[in-house]
Amino acid sequence: MGLSKKLMTKLFTNLVRAHHFDELFARRLTRGELIGFYHPAAGHFAPGVAAGSILNKDDFMWPHHRAHGVPHMLSKGVPIEEFLAEHTGKETGCCAGRTSWHWSFPEFGIYGMTGYIGGNFPQMVGYGWAAQRNGNGQVAMSCTGDGSYNNGRAHEAMLMAANWKLPIIFLCENNGWAIHSRIEDMHPTEDIASLALGYDMPSAIVDGQDVFACAEALQEAVKRARAGKGPTLVEAKTVRWREHDIGTPDLDGYRPRTKEELAELHERDPIRIATEQMLDNKTLSQGQIDKVHEDALAECDAAEKFADASAIAEPTVEELRAAVYAD
Amino acid sequence: MVEMTYVDAIKSAITEEMRADDSVFMVGQDIRGAIYPHTKGLVDEFGEDRIVDTPMSEFGMFGTGFGAALAGYRPIVDFMFGSCCMVAGETLMVQLGQQYFLHGSQTPVPMVLMGACGTGKRLANDHAYIPRGEILHRPGLKYVFPSTPADAKGLMASAIRDNNPVFFFYHYDLLMDRGEVPEGQYFVPLGQSEVKREGSDITVLANGLMYKHAMQVAEQLDGEISVEVIDPRSFEPFDSETLMKSLEKTNHLIIVDEDHARCGFAAEVMAQVFEQGFDLLDAPVERLCIENLPIPGGYMEPTVVPTPEKIEAAIRRVVA
């Protein structure tokens with residue numbers, strides 16, 4: 001394995017943090033302590049952790065909507081308590097409480113989002129173009145699922161990124177499902193990565209349950225991008241243990257997903273896989289691993305306290321009118 | 001002042017602003033080779049880095065500007081034909097206008113979205129229609145449309161300097177119209193209508209090719225009916241004060257809008273006049289718009305589009 005122990009520890013720590021924050025968001029939604037909806041990570045968080053952990057603060061990133069990008073963003077250093085505050089409609093929310101679930105952390109190269117799957121791709125070209133023109137080695141990381149590659153905008157973005165050799169990493173976090181639709185029914189090839197061939201772009205397929213494998217593959221892609229060699233499509237094969245978003249039925253087409261299938265997916269637990277590796281190569285002891293969990297839970301607790309103590313955002317309509325256009 | 005064409009005035013503003021600010025760049029299809037003359041020679045002066053040709057990928061082309069604007073650049077996205085912007089409809093009509101506001105008013109989106117459009121060339125709906133009502137309906141977007149060479153220069157320069165997405169559409173039946181244009185940097189502030197011709201009997205609010213028609217009719221009626229012509233120039237923000245002030249004098253209004261009547265700009269202005277200036281009116285307001293059907297090309301185009309003859313007839317009806 002080519003990763004330093006320091007980076008492995010960072011990846012493992014962020015993985016554990018992502019897991020606990022995911023449980024926190026899911027729990028709060030179920031209890032009515034979160035506005036709107038939540039698309040739980042539940043099994044699907046190693047690729048995002050890897051992506052966020054290896055980027056610099058000034059690199060551009062579009063996080064995945066799964067787990068609302070929490071794994072990606074906390075790994076990049078974003079203060080997640082402000083994102084939780086956004087989810088609770090507070091003044092301290094990252095969007096001033098105006099969205100319930102959009103991200104906006106411009107100082108981290110994260111400029112907001114849209115709820116339409118595939119809506120990231122046009123902007124990614126612009127981030128890539130800006131990164132190239134800035135000429136300081138910045139890259140742009142695009143994190144979306146298999147379903148987003150059904151959308152024409154993905155193809156325009158890959159075409160233009162490949163044409164212009166833009167420093168973009170297309171990370172496809174393929175969990176095999178777009179809401180109730182199996183990828184086999186929606187995509188003609190087994191791998192999304194095979195699309196890269198048509199754009200003369202390198203690609204890699206990686207185990208999306210293994211955070212270290214994801215990081216290695218993404219590091220290669222980032223290295224190429226920083227060296228001016230253009231975009232890469234990295235497909236991480238991951239899993240989704242739960243429904244698309246909490247409260248909707250968990251279907252395979254129009255029938256419930258089977259217990260057997262879900263049990264099989266649970267076999268591939270990213271936390272267990274990473275923990276075994278950390279212990280096997282003696283990067284961390286069991287005691288140190290327990291401490292990582294304790295610290296993550298304490299961080300979750302502090303984030304909740306921050307969000308709950310913040311005032312509800314209740315601007316006047318005059319204040320809102322004045323906020324539509326920039327000066 | 002120097003005399004130049006409407007299209008050269010657009011180019012003059014782009015050139016001045018690109019010289020003044022290195023973060024301004026243009027992205028479009030076949031703009032290096034200048035399919036329209038407003039980009040002719042720009043690539044020679046500013047290089048391929050700043051005059052960027054894209055594949056026929058409107059989402060990607062628009063996204064180049066959108067993403068770069070968020071990252072600190074000031075893009076001009078050239079859709080060639082104005083209505084082609086609808087190819088990138090979702091990103092442009094939903095994401096663009098909400099971007100700044102929804103994300104806590106933190107990161108401005110300074111960009112210009114331009115395209116030539118309008119009737120007169122008999123090209124039929126897809127090339128001829130002016131995207132207007134649907135864009136004005138979306139909060140967070142600005143919208144200008146010049147009628148004269150001077151305004152073409154001044155509005156483009158202001159649009160480039162604005163820190164918001166500004167649609168700059170221009171009329172291809174006016175491209176070669178000539179007029180006096182200020183030299184050097186010149187700005188027409190967004191949100192200022194202009195009284196282009198003073199009169200006392202009736203106000204005609206008209207823009208673009210319709211402005212040209214209205215001016216022609218006003219001259220024809222000179223000595224018989226005194227027609228005041230106001231050019232809105234900027235549709236969002238829209239300056240209704242200039243219009244209300246005019247109505248205090250004329251008490252009669254016709255709105256000529258090169259868009260469909262239904263839910264369009266003319267309907268919006270009528271509503272504003274009823275809300276703010278009902279007591280100023282001596283007669284019902286008339287609006288002359290494009291019929292509510294897809295614009296046909298060929299020889300039937302004038303049948304569905306406002307013409308000087310229709311404008312004259314409306315003026316006579318309203319002041320009668």
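Predicted model: local features only at pLDDT ≥ 70, side-chain atom pairs only at ≥ 80, totals over all residues.
A residue is called buried if 20 or more other C-beta atoms lie within 10 Å of its own, exposed if 12 or fewer, and partly exposed in between. A:Lys282 has 8 C-beta neighbours inside 10 Å, so A:Lys282 counts as exposed. You will find A:Lys282 in the loop that links helix 11 (270-280) to helix 12 (286-309) of chain A. Its phi is near 60°, a positive value in a residue other than glycine.

A:Ala42 also has a positive phi although it is not glycine, here near 30°. This residue belongs to the loop between helix 1 (5-30) and helix 2 (46-54) of chain A. Is A:Ala42 buried or exposed? A:Ala42 counts as buried because 21 C-beta neighbours fall inside 10 Å. As background, most residues other than glycine have a negative phi, and most peptide bonds are trans.

## A covered strand in chain A

Strand 2 (residues 140-145) of chain A is mostly covered, with six of its six residues buried. In a regular strand the side chains alternate between the two faces of the sheet. For strand 2 of chain A, one side carries A:Ala140, A:Ser142 and A:Thr144, the other carries A:Met141, A:Cys143 and A:Gly145, and all of these are buried.

Strand 2 of chain A has pairing partners as well. Strand 1 (residues 60-62) of chain A pairs with strand 2 of chain A in the parallel sense over three bridges, and A:Trp62 stands opposite A:Ser142. Strand 3 (residues 168-174) of chain A also pairs with strand 2 of chain A in the parallel sense, over six bridges. Here A:Cys143 stands opposite A:Leu171.

## Where the two chains meet

How many residues does each chain bring to the contact? Chain A gives 34 residues and chain B gives 35. On the side of chain A that touches chain B, helix 5 (120-134) and helix 6 (152-164) of chain A each supply at least two residues. The largest share, 10 residues, comes from helix 5 of chain A. By class, the residues on this side of chain A are 20 nonpolar, nine polar and five charged.

## Two domains in chain B

Chain B is divided into domain 1 (2-181) and domain 2 (194-319).

## The five-stranded sheet of chain B

In chain B, five strands form an open sheet in the order 9-11-10-13-14, with mixed pairing. Its edge strands are strand 9 (194-197) and strand 14 (286-290) of chain B, each of which pairs on one side only. From one strand to the next, the twist averages 25°. Strand 13 (residues 253-260) of chain B pairs with strand 14 of chain B in the parallel sense over four bridges, and B:Val256 stands opposite B:Leu288.

Helices pack here too. Helix 9 of chain B lies across strand 9, strand 10 (202-206), strand 11 (227-231) and strand 13 of chain B, and runs at about 155° to strand 10 of chain B. Helix 12 (residues 308-319) of chain B packs on the sheet, touching strand 10, strand 11, strand 13 and strand 14 of chain B. The direction of helix 12 of chain B makes about 165° with that of strand 14 of chain B.

## Around helix 9 of chain B

The peptide bond from B:Glu236 to B:Pro237 is cis, with omega near 0°, and B:Pro237 sits in the loop between strand 12 (234-236) and helix 9 (240-250) of chain B.

Helix 9 of chain B also meets helix 10 (residues 265-277) of chain B: their axes come within 11 Å and cross at roughly 60°. This crossing is right-handed. B:Ser240, B:Met244 and B:Leu247 of helix 9 of chain B meet B:Gln272, B:Gln276 and B:Gly277 of helix 10 of chain B. The contact of these two helices of chain B has two nonpolar, four polar and no charged residues.

Notes
Residues numbered from 1 in each chain as written. Chains lettered and ligands numbered in written order. Domains from an automatic or database assignment. Contact = placed C-beta atoms within 7 Å. Nonpolar A, V, L, I, M, F, W, Y, C, P; charged D, E, K, R; others polar. Axes fitted to C-alpha atoms, helices over the stretch in contact; angles between N-to-C directions. Left-handed = near helix turned anticlockwise from the far one by under 90°. Pairing = 2+ DSSP bridges.
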